[in-house]
Amino acid sequence: MSTTTATGRKVKTGATLANTVVYLLMIIGGVIMAVPFLWMLSTSLKPDGEVFSYPPQWIPSTFAWDNYKLIFTDAHMIRGFFNTMFVVIPTLVIGLFACALSAYAFAKLRFPGRDKLFMTLVGTMVIPGAVMMIPAFIMFKTFGWTDSWKPLIIPGMFGAPMTIFFFRQFIKQLPDELEDAAKIDGMNPFGIFMKIIIPLTKPALITQGILSFNAGYNDYLGPLIYLNTPEKYTLQLELASFSSYYVTEWTLIMAGAVVALIPTLILFAFAQRFFIEGIALTGIKG
Amino acid sequence: MSANTVKPAKKKSLYRSEMWWGFLFIAPPFIGVLVFLLYPFVNSLYMSFTTFNFGQPADFTGVANYKRALTNDPLVWKTLWNTFYAALGVPVSMIVSLIIALLLDRKLRGRNFFRMMFFLPTICSMVALAMIWQWIFNADFGLLNYYLSELGLNPPAWLVDEKWAMFAIIIQGVWGGMGVSIILYLAALGNVPSSLYEAATVDGAGGWNKFIHITVPGISPVTFFVLITSLIGALQDFPRFQLLTGGGPNYSTTTIVYYLYTIAFEYSEMGYASAIAWFIGIIIMFVILINFLLSKRWVHYN
């Protein structure tokens, strides 16, 4: 009896010790992850003179909210934000629709060569993006599309193989019964897609919508290659020219970084689950 | 009897209309791939044999561009070397990710919070992250060097020191690149059948043995997936380098794709850039092929 309790306690102490070690390591890891963000926040709120104080001061003596006021009223940042929305949203909506529609065809409709066509489409994903950078630019330049948003907007509207792959996986799992009932009622495949498939695919649409919004919002390379006129700059390009513009005014540079991260962080706070599930699913099934 | 003959006929006509709907629905992505991917892809092969630069008419020069890249442009080799050096971050990041996933793979209060912390940089804009890290790595006033000199060390100037700049970028990459692999590893760890561990415990196997003989083979398909996707990413990586150091000092942080970008968009030598792009593409394919061949020895699909 007494030995049992002794062993029981021993096991428990062992487990607690292990958990303590794990917590300790996790806290160290968490701090390493958090410090750059906290330091950004701290710097962004400092009055001008305090940035170069030694030793570094974590809590500013007074909160210089003016730094943010400057960023939020910066005409370039505002214009950049709206340009980004204009580039990202139409591509997102139309692109997701195209992806879901073709995924539905690949998952449920019967037509010759269906699976081979699907594999061909997915197979194009092996072409490295870096290799495509130059030829795509040459093509868009001959189209006269450079220094416009067209190369950033139009290709995405045709749908991306990765997203189609993801949707097909999802739609395949849906039961056939509802579709069959609608077919008997004489509904055509497009009607079935609009009235039955789209509502059932909502979780997958939201997941991909969030991932592609975030990717589009953060895109730097595309705008860097195609946009020259400052009036057309997206937010990320504005932000990148920021650090060369303000050089050593770290308070403003950091405030700019904070402001640019806010939409992503808000999105992540509300839709963390979708981000993580979306990525886990793509990884495991791909 | 008549019903029997009508039924398949009707089914067939339904099938036929379904076929046209199907082709209609899949047309947009195929048009997209043909126009925006395959056409430029093939076209660039032709370009790589010419002197195309948008200006005067292009001359067909055969393999001259390739010859120049391989034998007459030391920067190609230097930046290729830099790229492989930078790719050392891949195994480091994978090992750290696996350790973190193992630590998180237990019923721990705050597990989701920690997972979120490691994931956070993955979704943040590289431009903003680069700004933060430039400030942290700042030689005179950076946070990192303050704490390092507090420890009595004599820290380098990081991003502006030719010897250390790449190392600094690797640190940034490991810090920011673990989110996806941790999530994938966590999912994989959860999928290793617990019966295997129980059987091993009965046989008296210790924790380390269980890890080597059960966990590692059990998660090997995910390890392989993470390795391949990270390698493909690392061999093509460059916006990070452009934002953090501008490729310097003295090209020490210019990766090959960054160099490709410079040739194309700063010198407008599109023909030569196309040849280098193909050269990079072939290297990437080669690295992937080797990994697929090697994978037969260590990846276990049950």
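Author: Let's start with Asn65(B), which is buried at a relative accessible area of 8%. Buried here means under 20% relative accessible area, exposed means over 50%, and partly exposed is in between, using a 1.4 Å probe on protein chains only. Before going further, some housekeeping: this is a predicted model, where local features need pLDDT of at least 70 and side-chain atom pairs count only at pLDDT 80 or more, while totals for chains, interfaces and linings use all residues. Residues are numbered from 1 along each chain as its sequence is written, chains are lettered from A and ligands numbered from 1 in the order in which they are written, and side-chain values use heavy atoms, leaving out hydrogens and water.

Back to our residue. Asn65(B) belongs to helix H2 (residues 64-71) of chain B; helices (H or I, at least four residues) and strands (E, at least two) are DSSP runs, numbered from the N terminus. Who touches it? Setting aside neighbours within four places in sequence, Asn65(B) is in contact (heavy atoms within 4.5 Å) with Met47(B), Ser48(B), Phe49(B), Thr50(B), Gly271(B), Tyr272(B) and Ala275(B). Take Ser48(B): 17 residues separate it from Asn65(B) in sequence, and in space the two are 6.8 Å apart, C-alpha to C-alpha.

The side chain of Asn65(B) also has polar contacts. That term covers a pair of N or O atoms within 3.5 Å; within protein, one must be able to donate a hydrogen and the other to accept it, and residues adjacent in sequence count only if both atoms are side-chain atoms. One such contact runs from the Asn65(B) side chain to the backbone oxygen of Thr50(B), at 2.7 Å. Another goes to the backbone oxygen of Gly271(B), at 3.5 Å.

Now step back to the chain as a whole. Chain B is split into domain 1 (2-47) and domain 2 (68-298), with bounds that come from an automatic or database domain assignment. The C-alpha centres of these two domains of chain B are 40 Å apart. Chain A has its own domain 1 (2-66) and domain 2 (67-285), and their C-alpha centres are 35 Å apart.

In chain A, 14 residues of domain 1 are in contact with 12 residues of domain 2. Those two domains bury about 1,000 Å² between them, 66% of it on carbon and sulfur atoms; buried area is the accessible area (1.4 Å probe) that two parts lose on being put together, summed over both. On the domain 1 side, Met40(A), Ser44(A) and Asp66(A) lose the most area to domain 2, together 49% of what that side buries.

How do the chains themselves meet? Here 91 residues of chain A are in contact with 82 residues of chain B, and the area buried between the chains is about 8,100 Å², with carbon and sulfur atoms giving 83%. Helix H1 (residues 2-44) of chain A gives the most to the side of chain A that touches chain B, with 18 residues.

Charged pairs come next. A salt bridge is a side-chain nitrogen of Lys or Arg within 4 Å of a carboxyl oxygen of Asp or Glu. The whole structure has 9 salt bridges over all chains, and the count between chain A and chain B is 2. In one of them, the side chains of Lys183(A) and Glu18(B) meet at 3.7 Å, N to O. Lys183(A) sits in helix H8 of chain A and Glu18(B) in helix H1 (residues 2-47) of chain B, so the pair joins two chains. Lys183(A) is partly exposed at 27% relative accessible area, whereas Glu18(B) is buried at 3%.

Within chain A, Glu238(A) and Arg79(A) pair up at 3.3 Å, N to O. Glu238(A) is in helix H12 (residues 235-246) and Arg79(A) in helix H3 (residues 75-108), 159 residues apart. Glu238(A) is buried, with a relative accessible area of 5%, and Arg79(A) is partly exposed at 26%.
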